[in-house]
Amino acid sequence: MILKILQAGEPVLRQTARALSRDEILAPQTQQLIELMRATMHDAPGVGLAAPQIGQPVQLAVIEDRPESMQHLSSAELQDCGRRPVPFHVIVNPELQIADATPLTFYEGCLSISGFVAQVPRASAVQVNALNEKAEPVTIDAQGWYARILQHEIGHLHGELYIDRMQPESFATAANYQRFRQEIN
Ligand code: ZN
């Protein structure tokens, strides 16, 4: 089963999501929600999905950056944006700290702003303390594209969308981005 991904304008996307208790994380409903979010993220396809995007205002996100999703990029492009495969994992109640504030600016999109992209400056390294799907504490040190994904997904849990941080003049349809990317990059 695939969940419906809500689009910008849905009030839940602008709410601060609530934390989950240990018991809630381990409850069958949450475990099932995680599996549905995983399937929905793969189907989209996307590299991350936050619970508010499927209408659940809770502090939960799934992330996975698969080698298959990088096939359209050259090794120079991958190196440029610091993109490497990230295995599937779950973050609950994440707390994000900036480890290196040096901004890196690249085009990004969002499954809740379907069909558009824009250049977004993001911190180049972050540390995230969260719980995993077993309610165990985890510390994630991330750089490059993975740090961008974490900032994007954790933003969703605070009612933030990338358009709040984008360089507005770079906003483009995904089609035009493909068409003009040689000129605009
Ligand atoms: Zn998003």
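Visitor: In which loop does Ser112 lie?
Guide: This is a predicted model. Strand 3 covers residues 86–109 and strand 4 covers 116–131. Ser112 lies in the loop between strand 3 and strand 4.

Visitor: Is Ser112 buried or exposed?
Guide: A residue counts as buried under 20% relative accessible area. Ser112 has a relative accessible area of 0%, so Ser112 is buried.

Visitor: Which backbone oxygen does the side chain of Ser112 reach?
Guide: Leaving aside residues up to four places away in sequence, Ser112 touches Ile5, Leu6, Gln7, Ala8, Leu13 and Gln53. At 2.8 Å, the side chain of Ser112 reaches the backbone oxygen of Leu6.

Visitor: Which protein donors does the zinc ion have?
Guide: The donors lie 2.0 to 2.3 Å from the zinc ion. Along the chain they follow the spacing C-x41-H-x3-H. They are Cys110 (SG), His152 (NE2) and His156 (NE2).

Visitor: What separates His152 and His156 in helix 4?
Guide: Helix 4 spans residues 144–156. His152 and His156 are four residues apart in helix 4, so their separation is about one helical turn.

Visitor: How many disulfides are found in the whole structure?
Guide: A disulfide needs two cysteine sulfur atoms within 2.5 Å. A search of the whole structure finds zero disulfides.

Visitor: Which cysteine sulfur is nearest to that of Cys81?
Guide: Cys81 is in no disulfide. Cys81 is buried, with a relative accessible area of 9%, and Cys110 is buried with a relative accessible area of 9%. The nearest cysteine sulfur to Cys81 is 18 Å away and belongs to Cys110.

Visitor: How much space lies in the largest cavity?
Guide: A search of the whole structure finds one cavity of 30 Å³ or more. The space in the largest cavity is about 50 Å³.

Visitor: Which element gives the largest share of the lining of the largest cavity?
Guide: The lining residues include Cys81, Leu104, Arg122 and Trp145. Strand 3, strand 4 and helix 4 each give two or more residues to this lining. The largest share, five residues, comes from helix 4.

Terms used: Residues are numbered from 1 along each chain as its sequence is written. This is a predicted model: local features need pLDDT of at least 70, side-chain atom pairs count only at pLDDT 80 or more; totals for chains, interfaces and linings use all residues. Side-chain values use heavy atoms; hydrogens and water are left out. Buried means under 20% relative accessible area, exposed over 50%, partly exposed in between (1.4 Å probe, protein chains only). A polar contact is a pair of N or O atoms within 3.5 Å; within protein, one must be able to donate a hydrogen and the other to accept it, and residues adjacent in sequence count only if both atoms are side-chain atoms. Contact means heavy atoms within 4.5 Å. Donors are N, O and S atoms within 2.8 Å of the metal (3.2 Å for Na, K and Ca); water is not among the atoms, so sites may look incomplete. On a 1 Å grid over the protein atoms alone, a cavity is a set of points where a 1.4 Å probe fits but cannot get out, and a pocket is an open set with protein on both sides within 12 Å along at least five of seven lines; lining residues have an atom within 4 Å of a point. Grid points are joined across faces, edges and corners, and a volume is the space filled by probe spheres set on the points.
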